[in-house]
Amino acid sequence: MAIGNKLIIYLRCKFLRMNLHEYQAKELLKKYNVPVQEGYACSTVQEAEDAYRQIKTQTGNKFAIVKAQIHAGGRGKGTVKENGINGVKVAKSLEDIQDFSSKLLGGTLVTVQTGPAGKVINKIFVAQDMYYDGHSERKEFYLSILLDRSRGQNVIMYSTEGGMNIEDVAHNTPEKIFKEWVHPSGGLQGFQARKIAFNLGLSGEAFKNCVKFVTNLYNAYVGLDCSMLEINPLFKASDDKIIAVDCKMGLDENSLMRHADLASLRDITEEDPTEVEAGKYNLNFVKLDGNVGCMVNGAGLAMATMDMIKLSGGEPANFLDVGGTANAQTVEAGFKIILKDPAVKAILINIFGGIVRCDRVAQGVIDAYKNLGNIKIPIIVRLQGTNAIEAKKLIDESGLKVQSAILLSEAAELVKKAVA
């Protein structure tokens, strides 16, 4: 397994991000005085009709934008499996609203980021049309904020080339992507916000509005403990207002203890069901594409175990870290989660008993085996550390089809036989 893949797994498990929908992110940005494209989240066609009427009354404009709300980008270019409609549509009438909302809600939207499986659309966002006036003074930009771990600083990435093709811009013309790093001790400085507005080619009132926008947006990023905040497009209207037309926001899950009100914004329907279930037992779980299930304590040991599985001819089916407080209940829960994957041909349990006692893990394995009934795939258990001798005795005398190992090389050989 490449080191990049290992790092991705580690970061996903230790620096978890709770993604928000566009409509949720915009409501949070408004609390920081960040101008956004106004709209209404809708779960039914009737709600979409009501939202359209309100927008028409507020703006005097009969046009509105209908956007699918899923945790993935590329919605405008994506298509709904059932009817081929795009994930973002311009409605010119109430009839359009009825047509688009009925086709989007409940449909499965496939984008470049969802993969072929797509994501089910449970909500849509009916929003003001920002493009109706037709003035040439309108412009689209790109702006995002995230942590640059190599520097230990937040970085603001921005470009004059915003919109749906920003990935192509980054790939083909990287010189059009600007970066501004923000030192954690000083925060965003005024000259930095002005530099960003200048590099975007703005002047006059638009320049002033952009400086305010960037400053407030950065305050939102820090104040909400975001791990990622992306505005694309960042829109300059013909009246020089600077507005967030679309927004992607991810919150650092480790910070939710400081934001009890934000935890309720989590949409578990957008997440992998197995990972959601694992979270209920405080298990760090990431689904992979292999054939050997892993149950390990500690991210470093987990990555070493996955390397060992690769070297023995198998492929890791998951990353499952039971942590330092593993007991019979968490081990059984881990078993159930791993066994839900039909591709798993063997399970390797590799525990180093430091904080956790090996005999407790062993008892958990035995209890899980008995409670789950007839497990047809091989189970290899390697327990080292605190009470390892007692643990091996429990496994060997259990009468169950569980193979125990002392050395990692022994466990590797047993895995090799299991997947051969």
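Hi everyone, let's start with strands S6 (residues 108-110) and S7, which pair in the antiparallel sense over two bridges. Strands here are DSSP runs of E with at least two residues, helices are runs of H or I with at least four, both numbered from the N terminus, and two strands pair if DSSP finds at least two bridges between them. Thr108 has Val120 in S7 as its bridge partner.

A quick word on the source: this is a predicted model, where local features need pLDDT of at least 70, side-chain atom pairs count only at pLDDT 80 or more, and totals for chains, interfaces and linings use all residues. Residues are numbered from 1 along each chain as its sequence is written, and side-chain values use heavy atoms, leaving out hydrogens and water.

Back to our strands: they belong to an open, antiparallel sheet of three, ordered S4-S6-S7. Strand S4 (79-80) and strand S7 (119-120) are the edges, each pairing on one side only.

Next, helix H11 (residues 358-372). Which of its residues are buried? Cys358, Asp359, Val361, Ala362, Gly364, Val365, Ile366, Ala368 and Tyr369, where buried means under 20% relative accessible area with a 1.4 Å probe, protein chains only. Their cover includes H10, S18, strand S19 (379-385), helix H12 (388-396) and strand S20 (402-405). Just after H11, Gly373 takes a positive phi of about 85 degrees.

Finally, Asp341 sits in the loop between helix H10 (328-339) and strand S18 (346-353). Asp341 is buried, at 12% relative accessible area. Leaving aside residues up to four places away in sequence, Asp341 touches Lys287, Leu288 and Ala317, with contact meaning heavy atoms within 4.5 Å.

Key:
Buried < 20%, exposed > 50% of the residue type's maximum accessible area, 1.4 Å probe, protein only.
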